[in-house]
Amino acid sequence: PELAQAFIDEQAAAVREQIGDKKVLLALSGGVDSSVVAALLIKAIGKQLICVHVNHGLMRKGESEQVIDVFKNQLDANLVYVDATDRFLGKLVDVEEPEAKRKIIGAEFIRVFEEEARKVGNEVSFLAQGTIYPDILESQDGVKAHHNVGGLPDDLQFELCEPVKLLYKDEVRVVGRKLGLPESMVERQPFPGPGLGVRCLGAITRDRLEALREADAIVREEIDNAGLTIWQYFAVVPDFRATGVREGKRAYDWPCIIRCINTVDVMTAEVPELDWALLKRITARITAEVPRICRVCYDLTPKPVGTVEWE
Ligand code: XMP
């Protein structure tokens, strides 16, 4: 903790030196890295930081609300909140193919962020990013392109500000805690950029997306309450229905799949043996509380052959 405080003081001074009286733009997803960078920059330069949170309508339950609550209400950040739900879902109507969905979501994200950047463009000279050390190592190794920078328009002339780029994930978490971020944000499980979009299988519809969001919240709440440490744990809702019986009447509703995995390197992953009573409790709650879901399954497939996500 003392080291974390020293790091924060040192980086805040370095950032003030780098930025002067200019403004900085940050895409604030609600993920660990961007949240910690935002909190650090708020401490260093206050309202000179402009955070943009784009809600693509594919966030988990309560997630955008938490970003607003923590950053706007508690940390008094200069936060631009963009509810782009209709835009994203409009583009995704009838799109079934997973990679096509990813491309649309990624491209639309850049477009929305670019629009916001242009609105404040003249005053802003810096772009802050939650780049961490493994990102740099991986792009040097050619394992994957460093995605933080990619895709931003060339004519937006930003200089980069990357205050946690020499830290590993666990160190970023320590710094985040020291900066007063809530535990649920600091310990947030990895969540794909396309969000619930790749867990609402096939062509996304609003009613099925809503059922997924509710079921996913129950899975997370029950596993958190059980005090388990699992790498990723979430719900998936496929685009077909199954027969059931509810209050003496035939039901024809969606199934829901629980996906839990543990991993070290994400290249391979194991499925934890969840307690039977916990699985039954999650099943009882989802089928009782989510109106359009009538069955619950547990995915037993390790990676390989199954990937973490279903799409
Ligand atoms: P898979 O499904 O490939 O997932 O075994 C490995 C890890 O990557 C995450 N993931 C994504 N993250 N954009 C992201 O930012 C994506 O399109 C995407 N697809 C998968 C997944 O959650 C897991 O942690």
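Is Ala-288 counted as buried or exposed, and how many C-beta neighbours does Ala-288 have inside 10 Å? Ala-288 counts as exposed because 11 C-beta neighbours lie inside 10 Å; a residue is exposed if 12 or fewer other C-beta atoms, placed from the backbone, lie within 10 Å of its own, buried if 20 or more do, and partly exposed in between. The structure is a predicted model, in which local features need pLDDT of at least 70 and side-chain atom pairs count only at pLDDT 80 or more, while totals for chains, interfaces and linings use all residues. Residues are numbered from 1 along each chain as its sequence is written.

Ala-288 belongs to helix H10, where helices (H or I, at least four residues) and strands (E, at least two) are DSSP runs numbered from the N terminus. Its C-alpha atom is 16 Å from that of Ala-242, a residue 46 positions away in sequence. Ala-284 is also placed in helix H10, which covers residues 276-289. With 12 other C-beta atoms within 10 Å, Ala-284 is exposed. Between the C-alpha atoms of Ala-284 and Arg-295 the separation is 9.5 Å, at 11 residues along the chain.

The domain assignment, which comes from an automatic or database source, gives domain 1 (2-186) and domain 2 (199-298). Their C-alpha centres are 29 Å apart. Seven residues from domain 1 and eight residues from domain 2 take part in the contact, two residues being in contact if their C-beta atoms, placed from the backbone, lie within 7 Å. On the side of domain 1 that touches domain 2 there are three nonpolar, no polar and four charged residues. In this classification Ala, Val, Leu, Ile, Met, Phe, Trp, Tyr, Cys and Pro count as nonpolar, Asp, Glu, Lys and Arg as charged, and the others, Gly among them, as polar.

Helix H1 (residues 2-19) packs with helix H7 (residues 169-178) at an angle of about 80°, and the axes are 9 Å apart. H1 is therefore roughly perpendicular to H7. Axes are lines fitted to C-alpha atoms, for helices over the stretch in contact, with angles running from 0 to 180 degrees between N-to-C directions; angles under 35 degrees count as roughly parallel, over 145 as roughly antiparallel, 65 to 115 as roughly perpendicular and the rest as oblique. H1 contributes Ala-4, Gln-5, Phe-7 and Ile-8 to the contact, and H7 contributes Val-174, Val-175 and Lys-178. By class, five nonpolar, one polar and one charged residues form the contact of H1 with H7.

The ligand is surrounded by Arg-102, Pro-190, Pro-192, Gly-193, Pro-194, Gln-232, Val-266, Lys-303, Thr-307, Val-308 and Glu-309, the criterion being a C-beta atom, placed from the backbone, within 6 Å of the molecule. This shell has five nonpolar, three polar and three charged residues. Val-266 lies in the loop between strand S8 (249-261) and H10, and its phi is near 70°, a positive value in a residue other than glycine. Val-266 counts as partly exposed, with 13 C-beta neighbours inside 10 Å. Lys-303 is joined to Pro-304 by a cis peptide bond with omega of about -20°. The peptide bond from Pro-304 to Val-305 is likewise cis, with omega near 15°. Pro-304 is found in the segment after strand S9 (293-298).

A positive phi, about 65°, also occurs at Asp-94, which is not a glycine. Asp-94 sits in the loop between helix H4 (85-92) and helix H5 (98-120), and is exposed, with 8 other C-beta atoms within 10 Å.
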